[in-house]
Amino acid sequence: MFDVEKVREDFPVLHQEVHPGVPLVYLDSAASSQKPRQVIEAMDHYYRHLHANVHRGIHTLSEAATNAYESARERVARFINAPEPETIVFVRNATEAINLVAATWGRRNVREGDEILLTEMEHHANLVPWMMLAEEKGAHLRYVPLTAQGLIDLSAVERYLNPRTKIFAFTAMSNVLGSITPVAALVSAAHSVGAIALVDAAQSVPHMPVDVQALDCDFLAFSGHKMCGPTGSGVLYGRRELLEAMPPYMGGGDMIRRVTFEGFETNDLPYKFEAGTPAIAEAVGLGAAVDYLNSLGMENVHRHEQFITNYAMEALSEVEGLKLLGPPAAQKGGLATFILEGIHPHDIAHIADEDGIAIRAGHHCAMPLHRKLGIAASARASFYVHTTTWEIDRLVQSLQRAREIFRLQRAS
Amino acid sequence: MSSELYREQIIDLYENPLNYGELDPHDFSYEEDNPLCGDVVRIDVRLDERQRIADVRWRGEGCAISQASASLLTEEIKGLTLEEVKAFPKERLLELIGVPLSMARVKCALLSLKVLKAGAYGLPEPDEMRGEE
C-alpha cells in the first residue's frame, strides 16, 4: 500500500511555509525533484565518516570512499538492470551523458551525409549536442513528427529511418507533453536499419521501472537530481562493445592506465570516461536515492503518479479557458502542461507562487516543440511520489484566483 | 482578490493598453523578444523636427508585466528628445510600474525599454529565427 502522507514525512523541504502562513506545494519535480532525508543523511554520513579521494589511496578512508562510490554504481546498475556495473558511467547529468556520446561515439562514427534522427519533442539536451555534431560533420538532422495527440508512433519512425540513419536519439517521456514513447519498439526499429538507439530517460527512470536489457537500447541517459538524488549526479549506460570502442571524452587522472611523455593508454571501463576526481558524495547520494525508490517500489511510484495525473487532468479541465497539452492521462507520465486563455504562463506561475505553489512556466527547454504547437510558452505542473490530490486542488483554486485577478471570472 | 504584483493598474493596462498599434510612417522601429518566456515587443517611433518623440506606438504579446510596462513607458517618453530616450533610466520605469518585482520579472518589465533604446541607437534588428519556418 502506497501511503503518500507517510512518504511526505521523508521530504523535509515540503514542511515549510514559502511565504508567511503559506505552506509549500511543490509541483515542479520534472525540473528537479526534492530530496528525502535518506539521501541527505547518506551524503552527510559520507562526508562525516568516509570521505577521501577514490581509486588512489592505500589508506582506510580512500578504500571506504572507493567502496561507497562503487557500491552506488552497482546499485544504479541493478536499478536499470544493466548487465554489469562497468556499463554505468557516472556523469553530471543527462545532458553531459548525451554530450559524451555525441562527442565520442558521434565524432568517430557519424560522417558527411549521414542522418541523425530525433523527434519533435526533444529537450534541448537531446537536440543541441546533435546539432553541434551535425554541423561539424556535415550530417543531417531529421525529426520524427508528432501525432495530433502529441505521441510518437512507430509507423512514422519507420518512415524516417533508412540506411543513412546512424543514430536515433529520443526521449522515453516528453518533459513538456508527458507523452511516453514505445521505447523497445523504437529501439528495435532503429536496429533494423543498422542505426544505434540512445534513450533520453531523464523523465522515465525517476518515475517508472526501466530495464535496459529488455529495451535493448545502446545508450540510456538520466539525471540523479530528478530521481531524489543530488544535483551533479548523472548516468550514462552504454552497451559494453560500444563503450569500449569509443575514444575517451575528457583527459586526466583516473581515465588512464599509463601515461608517458609520449602518450597515454586509456583505463578500463567505466573509468575511461571518468577523468578527474568524480562527484563522490553525489554518487553516494544517488545510490541512496535508488535505495529509497526501491523501498517504495517503482511499480508503486508509477501507479501513484498515474492516479495523480488522472486526477489532475480531470480537475484542471474543469477550469474555464484551460487547455491541456499532450495525450490523455493513460499515455503520459506524471505531469500536466496547460495554457489558460487570457493569462500568460508567467503570470499564472507568479500568482501560483503567491499561493505557495511551485509550477514551471516557459518553454521548458523545448523551444522547437513550443513553436510547433504554435505557442510561446506553457505552464506545467509535475508530480512525484509525494504529490497529493489536495495539492492539485490548491493549484486549481489558485488558477481560479488568477482568472479573478485578470477579470475573467467573478470572485466566488 | 488581492495580489501584491497584479494591482488594478497593471490589469487595467493589460486589458486596455495605451499607445497600442502601429505607426506608419515612423522614424525608427524595433522589435525584440525575451526567449525565456516568449514576451515580444515592437515599438514604432516618430520624431518631430527637433528630434523629440512626436508619437509612439507599440504592439506585442507576453505577460502582464511586460505589456503594462510598454504602455507606461510609451506614455512617459512622449516629448522627450532622442538623447533623453537613450539615457532613460531603468529605475524610472520600475518606479512607474510601482510593484515589487523579482529578478526574473525585472527582465519582463525592462523588455520595452531595451527595445526602445535599441531603436533609438539605430541598432540593426536582431537576426533571429523568429521569422523562419
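Analyst: Beyond its neighbours within four places in sequence, A:Lys226 is in contact with A:Ser32, A:Ser33, A:Ala202 and A:Pro206. This is a predicted model. A:Lys226 sits in the loop that runs between E9 and E10 of chain A. Is this lysine, A:Lys226, buried or exposed? A:Lys226 counts as buried, because it has 27 C-beta neighbours inside 10 Å; the cut-off for buried is 20 or more. A:Leu14 is 212 residues away from A:Lys226 in sequence, yet the two C-alpha atoms are 16 Å apart in space.

Now the sheet. E9 and E10 of chain A belong to an open sheet of seven strands, in the order E4-E10-E9-E8-E7-E5-E6, with mixed pairing. E4 and E6 (140-144) of chain A are the edge strands; each has a single partner strand, so one side of each lacks a neighbour in the sheet. On average, neighbouring strands are turned by 20° against each other, direction ignored. E9 (residues 219-223) of chain A runs parallel to E8 (residues 196-200) of chain A, and three bridges join them. Within E9(A), A:Phe219 stands opposite A:Leu198.

Helices lie across this sheet. H4 (residues 94-109) of chain A lies across E4, E7 (165-171), E8, E9 and E10 of chain A, and runs at about 35° to E10(A). H5 (residues 128-137) of chain A lies across E5 (115-119), E6 and E7 of chain A, at about 145° to E6(A).

H3 (residues 60-79) of chain A has 20 residues and reaches 28 Å from first C-alpha to last, close to the 28 Å expected. Its buried residues are A:Ala65, A:Ala68, A:Tyr69, A:Ala72, A:Arg73, A:Val76, A:Ala77 and A:Phe79. An α-helix has 3.6 residues a turn, so residues three or four places apart point the same way. Just after H3(A), A:Asn81 takes a positive phi of about 55°.

Further along chain A, consider E14. Six of the six residues of E14 (residues 335-340) of chain A are buried, so this strand is largely enclosed by the rest of the structure. Both faces of E14(A) are covered: A:Leu335, A:Thr337 and A:Ile339 are buried on one side, and A:Ala336, A:Phe338 and A:Leu340 on the other. E14(A) runs antiparallel to E13 (residues 322-325) of chain A, with four bridges between them. Four bridges also join E14(A) to E17 (residues 378-382) of chain A, again antiparallel. A:Phe338 stands opposite A:Leu324, and its bridge partner in E17(A) is A:Ala379.

Last, the partner chain. The contact takes 16 residues from chain A and 14 from chain B. H12 (345-354) and H14 (389-405) of chain A each supply at least two residues of chain A's side. H12(A) gives the most, with five residues. By class, this side of chain A has six nonpolar, five polar and five charged residues.

How far to trust the model? The predictor gives the complex an ipTM of 0.88 and a pTM of 0.94. Chain B averages a pLDDT of 90, and 93% of the residues score at least 70. Over residues 128-133 of chain B the pLDDT is below 50, and this stretch has one contact in the model beyond near neighbours in sequence. Where pLDDT is low, the predicted coordinates should not be read in detail.

Conventions. Residues are numbered from 1 along each chain as its sequence is written. Chains are lettered from A and ligands numbered from 1 in the order in which they are written. This is a predicted model: local features need pLDDT of at least 70, side-chain atom pairs count only at pLDDT 80 or more; totals for chains, interfaces and linings use all residues. Two residues are in contact if their C-beta atoms, placed from the backbone, lie within 7 Å. Ala, Val, Leu, Ile, Met, Phe, Trp, Tyr, Cys and Pro count as nonpolar, Asp, Glu, Lys and Arg as charged, and the others, Gly among them, as polar. The expected span of a helix is 1.5 Å times one less than its number of residues. A residue is buried if 20 or more other C-beta atoms lie within 10 Å of its own, exposed if 12 or fewer, and partly exposed in between; C-beta atoms are placed from the backbone. Two strands pair if DSSP finds at least two bridges between them. Axes are lines fitted to C-alpha atoms, for helices over the stretch in contact, and angles run from 0 to 180 degrees between N-to-C directions. pLDDT is the predictor's confidence in each residue, from 0 to 100.
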